[in-house]
Amino acid sequence: MTTCQMCEQHDETGGQLCPGCTKATRVRLEALPVLYRGLGVLLAPAGGVGQGRSGKGGPPPLPVSLDILDIRGPGGMVTPLESWVDAVRQDRGRPEAPHTGSAEARVELAVGELLGHMPWIAVSWPAAGDFAQEIREMATSLRTVIAPPPVINRGRRVGHCPALNTSGTVCGAVLWLAPGEKAVRCEWCGLQYPPYVWAQLKTWIDEDTKARDAA
Ligand SMILES: [Zn+2]
Ligand SMILES: [Zn+2]
């Protein structure tokens with residue numbers, strides 16, 4: 001009778017990880033090389049960069065996300081996975097293997113070996129909980145980079161709220177016309193601008209902008 005190191009639930013099997021967490025870790029491990037390759041595709045410049053034909057040269061285009069570079073970098077996934085391989089090998093009394101090849105090949109190799117060790121990890125390895133947690137974090141961060149949560153559509157930016165508050169100063173909060181909305185509403189002071197005042201609203205915004213620029 002023990003407790004699973006991952007979910008901290010009672011585990012009948014008496015191992016380090018319960019059957020559910022063992023399976024989840026296997027699935028996450030299997031997904032890692034696929035997700036890692038997915039990042040490589042995201043990094044490839046769309047349409048390809050001119051290979052010196054134009055002779056312009058210059059720096060390559062910026063990647064879509066610096067997070068991708070962090071994960072694709074040596075410390076992001078390759079090294080942590082290989083350190084887990086080394087740790088397992090050490091605790092099982094096996095010689096350390098050299099880590100060579102391309103980053104993608106190394107990720108694949110490390111994951112393949114870790115999957116092979118999974119039965120032993122789940123039953124006998126005291127570090128199983130830390131290992132399973134790190135694999136979960138890796139899979140989660142890879143997924144969020146590949147499919148970031150959708151950006152909330154705030155609608156069209158109208159300008160700065162020209163309402164005067166009680167102290168006589170201009171509200172100045174940014175006004176948005178939310179998608180599907182009929183009226184502009186200031187999220188800060190709460191004032192509503194229905195369509196029939198939009199012409200006036202524009203005049204006020206322009207006046208305030210001029211006044212701010214002149215100041
Ligand atoms: Zn568990
Ligand atoms: Zn306002």
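View 1. Buried means under 20% relative accessible area, exposed over 50%, and partly exposed in between, with a 1.4 Å probe and protein chains only. Cys7 reaches 30% relative accessibility and therefore counts as partly exposed. This is a predicted model: local features need pLDDT of at least 70, side-chain atom pairs count only at pLDDT 80 or more, and totals for chains, interfaces and linings use all residues. Residues are numbered from 1 along each chain as its sequence is written, chains are lettered from A and ligands numbered from 1 in the order in which they are written, and side-chain values use heavy atoms, with hydrogens and water left out.

**View 2. The zinc site.** Four SG atoms, from Cys4, Cys7, Cys18 and Cys21, coordinate the zinc ion (ligand 1) at 2.2 to 2.3 Å. Donors are N, O and S atoms within 2.8 Å of the metal (3.2 Å for Na, K and Ca); water is not among the atoms, so sites may look incomplete. Along the chain, the donors of the zinc ion (ligand 1) are spaced C-x2-C-x10-C-x2-C. Cys7 lies in the loop between strand 1 (2–3) and strand 2 (10–11), and Cys21 in helix 1 (residues 19–43), 14 residues apart. Helices (H or I, at least four residues) and strands (E, at least two) are DSSP runs, numbered from the N terminus. The site of the zinc ion (ligand 1) is tetrahedral, with angles of 105 to 114° among its four donor atoms. Four donors count as tetrahedral if all angles lie between 85 and 135 degrees.

**View 3. The aromatic cluster.** Ring pairs join Trp84, Trp120, Trp125 and Phe131 into a cluster. Rings of Phe, Tyr and Trp (its six-membered ring) pair if their centres lie within 6.5 Å; planes under 30 degrees apart count as stacked, over 60 as edge-to-face and the rest as tilted. The structure holds four aromatic pairs. Trp84 and Trp125 pair edge-to-face, because their ring centres are 5.8 Å apart and their planes stand at 85°. Trp84 sits in helix 3 (residues 74–91), while Trp125 is in the loop between helix 4 and helix 5 (128–146), 41 residues apart. Trp120 and Trp125 form a tilted pair, 5.9 Å centre to centre with 35° between the planes. Trp120 and Trp125 are both buried.

**View 4. Helix 4 and its bend.** Helix 4 bends by about 55° at His117, and Pro119 follows within four residues. The bend at a residue is the angle between axes fitted to the seven residues ending there and the seven starting there. Buried residues of helix 4 include Val107, Leu114, His117 and Trp120.

Notes: Four donors count as tetrahedral if all angles lie between 85 and 135 degrees; four count as square planar and six as octahedral if opposite donors are over 155 degrees apart and all others between 65 and 115; anything else is irregular.
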